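Me: I would like a close look at one part of this protein. Please keep it brisk.

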Amino acid sequence: MSDARVGLVIEDDHDIRELVRTVLTQAGFDVTVASSGAEGVLVAKNINPDVITLDLGLPDIDGFEVSRQIREFSDAYIVMLTARTEELDTLIGLESGADDYLTKPFRPRELRARVAAMMRRPRSAPEPADAPAEAPAESNGHPERGNFSHNGLELSYASRTVLVDGREMNLTRTEFELLHALLEAGRTVRTKSDLVRRLRDEDYDVGSYISEADERSVEVHMGNLRKKLGDSPQQPRWLQTVRGVGYRLAPSAH
Ligand code: CA
């Protein structure tokens, strides 16, 4: 059985599409391309990709809407490629379910690094029938895995599941990683920069500096995570904002 990872490039510009195809192919992906938003959604349903690069400016439906539609059935890692530099666009993109963004023109190695960092994480929950109870330890710089339980929320890293009061949550990989990072840290504050680096995986740090937009992206992902968990910013059960710094786990309710 092929172990190749599956990539999908949704892009109407021929040259960029071929560039991204090359980058992903060199990174070991089986790559399929789509040149419109509607086609991209359809193909995503069929091939179940691990990674999707998504152009914001598509001829039919824009990248925001494409991302929203794909999120209804897929936990693929979505990188939005945008020619626009406005911060607002970036944030709307993340609100629509994208994990990350790159502004065109981007360096191929930057795209490669982002994708590689994300692919080092487990793709999704293993099948219960043939999976071991514990995932094998990986030497990827984050030794603290395992299971966490806090104020009615249970997270299992091995099975990639999060239960809130016994109900399974449908989180994106980015949301899962952020929640896991806070559970690991406990009452220690994680700064937004810490969390950006965590999402990019430090071993794959290509010397990138953390911009204000990167930190804002963490805020957007945290906002999405809060909404899904049904957590309140004012009376948090789990995600406590430390103003001007970052986030930490809310105290245990006893
Ligand atoms: Ca375009």
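How many cavities of 30 Å³ or more does a search of the whole structure find? Then take me through the second largest cavity.

Reply: The model is predicted, so local features need pLDDT of at least 70 and side-chain atom pairs pLDDT 80 or more, while totals for chains, interfaces and linings use all residues. Residues are numbered from 1 along each chain as its sequence is written, and side-chain values use heavy atoms, without hydrogens or water.

The search finds four cavities of 30 Å³ or more. A cavity is a set of points, on a 1 Å grid over the protein atoms alone, where a 1.4 Å probe fits but cannot get out. Volume is the space filled by probe spheres set on the points, which are joined across faces, edges and corners.

The second largest cavity holds about 100 Å³. Its lining has 13 residues, each with an atom within 4 Å of a point. Nearest the centre lie Asp-99, Asp-100, Leu-199, Arg-200 and His-221. Two or more lining residues come from each of α7 (192-200) and α8 (212-229). Helices here are DSSP runs (H or I, at least four residues), numbered from the N terminus. The largest share, four residues, belongs to α8.

By class, the lining has six nonpolar, three polar and four charged residues. Nonpolar covers Ala, Val, Leu, Ile, Met, Phe, Trp, Tyr, Cys and Pro; charged covers Asp, Glu, Lys and Arg; the others, Gly among them, are polar.

Why does this cavity lie between domain 1 (5-119) and domain 2 (138-249)? Because both domains give residues to its lining. The domain bounds come from an automatic or database assignment.

Terms used: On a 1 Å grid over the protein atoms alone, a cavity is a set of points where a 1.4 Å probe fits but cannot get out, and a pocket is an open set with protein on both sides within 12 Å along at least five of seven lines; lining residues have an atom within 4 Å of a point.
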